[in-house]
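Here is a short report on one model. Look at the sequence and the structure first, then read on.

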Amino acid sequence: MALLRRALAAVGIAGIIAVVLRLRGSGGTPPQSGGWRELSGPDLR
Amino acid sequence: MRALVCGAGAVGARAARYLVADAGTEQVLVHDTDRKRQAAVVASLGDRATGLDQPDPTTADVVVLASPAARHAAVARAAVRAGRHVVSVADSVGAVEDLLDLHAEAHERGVVVAVGAGFGPGLSCVLACHAAAELDTVEEIHIAHHGTGGPACARQHHSALRGVGLDWRDHAWRRRPPGSGRELCFFPDPIGGFDCYRAALPDALLLVPSFPGVSRVTARLAATRRDRFTAGLPMLRPPHVEGRIGGLRVEVRGRRGRSYDTVVLGAVDRPAVAAGTVAALTARWVADGRADATGAAGLATLVEPLPFLHELARAGVRAAVFEGN
């Protein structure tokens, strides 16, 4: 019985960790310089 | 040109409106399983629009499929057999595979089946082609999508987040777990940075045949924590009302001279409006005999990117380039 309880607890903790990892926000590096420019006129000829 | 538009939802209504406004269109036939919606759209389009009880492809020169993607293959098959061109805005992997299977028959009959001719895929393929033209060789293409069009598109977005992702890597298809491969992608303003994940997206299926030497093609979908947490459940709330903004980011890497270079293009628009415009312009393009090939293919194979983007810009759908590091 104790073994079963420990196994269930381990599965539960693993599940919680998996959910946290899955939903965790991310890092990532935003662009350091520059920006978006609309394509127009000479770009489309 | 006589055009049959199947589906009078957010995308189909925009496509029909664009086609009615085109001087070269003789008549626009509209079919929708929702008769009230069909009648409302036909009434709003004026004298050149007519409602149809059945989607009979023999009534038109080109058939625009803007109904939910699961219905596209059957109508497209009938249209190809009748020798009519087809433009589909299908955005699910299954529907795109079914439509691409029509290639041999369509090619034999000399007709075009434009597959995934919407915002994403669609405009994303045209942008990839345009970016590739700036490089000598293309090695990688990475697409990111943000936002949804109408309710059918929102349902597809929800379903894609639990579907297996399909990547092209080292000249072979790889199946990837849904929700993996998190990447922070920066879309054109005002969207900005969003976490994007692998999902069941058809972009790679459409792009790989157009770029024979490419070694990697991936597609990702922007998703919030709630989107990902609820992806495995039925949609808990009705899809939001159409009209929110969406974006595309297309990154193409390859060689220019001796250096390794990256070209990043993007677009921001209401996805349903942009998808309707792309579909209608593709229909016009195909009916005028301007498609670069016959058979079933994506827009990267079928259209010349520069004149296509120029005409899209005139219709209000504008692309952008990222300049910087």
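## A helix crossing

α6(B) passes α12(B) in a left-handed crossing: the near helix is turned anticlockwise from the far one by less than a right angle. This is a predicted model, in which local features need pLDDT of at least 70, side-chain atom pairs count only at pLDDT 80 or more, and totals for chains, interfaces and linings use all residues. Residues are numbered from 1 along each chain as its sequence is written, chains are lettered from A and ligands numbered from 1 in the order written, and side-chain values use heavy atoms, without hydrogens and water.

Helix α6 of chain B covers residues 123-132, and helix α12 of chain B covers residues 305-314. Helices are DSSP runs (H or I, at least four residues), numbered from the N terminus. The two axes come within 9 Å and cross at roughly 130°. That makes α6(B) oblique to α12(B).

## Residues at the crossing

From α6(B) come B:L123, B:V126, B:L127, B:C129 and B:H130. They meet B:P305, B:L306, B:F308, B:L309 and B:L312 of α12(B). Nine of the contact residues are nonpolar, one is polar and none is charged.

## Two domains

Chain B has domain 1 (2-118 + 273-319) and domain 2 (123-271), with bounds from an automatic or database domain assignment. Their centres, taken over C-alpha atoms, lie 22 Å apart.

In chain B, 29 residues of domain 1 are in contact with 24 residues of domain 2 (heavy atoms within 4.5 Å). The two domains bury about 2,200 Å² between them, 69% of it on carbon and sulfur atoms. Buried area is the accessible area (1.4 Å probe) lost on putting two parts together, summed over both. B:D91, B:V93 and B:A300 supply 25% of the area that domain 1 of chain B buries against domain 2 of chain B, more than any other three residues.

Conventions
Axes fitted to C-alpha atoms, helices over the stretch in contact; angles between N-to-C directions. Helix = DSSP H or I, 4+ residues; strand = E, 2+ residues; numbered from the N terminus. Parallel < 35°, antiparallel > 145°, perpendicular 65-115°, else oblique. Nonpolar A, V, L, I, M, F, W, Y, C, P; charged D, E, K, R; others polar.
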